[in-house]
Amino acid sequence: MAVASNSTQSDLPSIIMQGGHTATTAYMDLLTAGTGTVYTMSINNSANSDATHFKLWDARAVTVGTTEPAFVFRCTASKIHTISSKTGMTFSTGLSVGITDETGGGKASGSATGSNVQWVVFGS
């Protein structure tokens, strides 16, 4: 999986991180070990015929299947989803993201998630 980070000087939120998941297992990635606020996310699940669940953890270390996520967003099959929050979702410990095929908080077992999910997270 490739991950990229950009920083810009603007009143608009910058891209915290972008990347994708191309395997057929659940995964988790640490985006930042510091504090921050997520305002908008774009999740591209258009290449998959099954729904996936994009998860955010307020944590630096996550065990998929054990650690309870702070937010879970269901992404229906064959769609691109944009999720926005006017006030933002604040993280105080760190921001980790993951993709699984299960909704349950810490119950994400690592099941198959489709072969190509792309995402971009905007925040500060």
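## A tour from the Ser-78 loop

Select Ser-78: this residue lies in the loop between β6 and β7. Strands here are DSSP runs of E with at least two residues, helices are runs of H or I with at least four, and both are numbered from the N terminus. Ser-78 is not a glycine, yet its phi is positive, at about 60 degrees. Most residues other than glycine have a negative phi. With a relative accessible area of 46%, Ser-78 is partly exposed. Buried means under 20% relative accessible area, exposed means over 50%, and partly exposed lies in between (1.4 Å probe, protein chains only).

**Ground rules.** The model is predicted: local features need pLDDT of at least 70, side-chain atom pairs count only at pLDDT 80 or more, and totals for chains, interfaces and linings use all residues. Residues are numbered from 1 along each chain as its sequence is written, and side-chain values use heavy atoms, with hydrogens and water left out.

**Zoom out.** Show the whole protein as a cartoon. It has nine strands and zero helices. Buried residues make up 42% of its 124 residues. Of the contacts with a separation of 6 or more, 77% join residues 24 or more positions apart.

**Select Phe-71, Phe-73 and Phe-91.** These residues form one aromatic cluster. Rings of Phe, Tyr and Trp (its six-membered ring) pair if their centres lie within 6.5 Å; planes under 30 degrees apart count as stacked, over 60 as edge-to-face and the rest as tilted. That rule gives two aromatic pairs. Phe-71 and Phe-73 are stacked, 6.3 Å centre to centre with 10 degrees between the planes. Why is the pair of Phe-71 and Phe-91 edge-to-face? Because the ring planes of Phe-71 and Phe-91 stand at 65 degrees, with centres 6.1 Å apart. This pair links distant parts of the chain: Phe-71 is in β6 (residues 71-75) and Phe-91 is in β7 (residues 80-91), 20 residues apart. Phe-71 is partly exposed at 30% relative accessibility. Phe-73 is buried at 16%, and Phe-91 is buried at 2%.

**Move along β7 to Ile-83.** Ile-83 is found in strand β7. Its relative accessibility is 17%, so Ile-83 counts as buried. Which residues does Ile-83 touch, not counting those up to four places away in sequence? They are Tyr-39, Thr-40, Met-41, Ile-43 and Phe-73.

**Select Met-41, Phe-54 and Leu-56.** In the largest nonpolar core, which has 16 residues, these touch the most other members. Such a core is a set of buried Ala, Val, Leu, Ile, Met, Phe, Trp, Tyr and Cys residues joined through side-chain atoms within 4.5 Å. Elements giving two or more residues to this core are β4 (36-44), β5 (52-57), β6, β7, β8 (95-100) and β9 (117-123).

**Last stop: colour by pLDDT.** This is the predictor's confidence in each residue, from 0 to 100. The mean for the protein is 73, and 65% of its residues reach 70 or more. Confidence is highest in β7, at 90, and lowest in strand β1 (residues 3-4), at a mean of 44. Select residues 1-10: pLDDT is below 50 there, and the stretch has 19 contacts beyond near neighbours in sequence. Residues 105-112 are also below 50, with 27 such contacts in the model.

How values were computed. Contact = heavy atoms within 4.5 Å.
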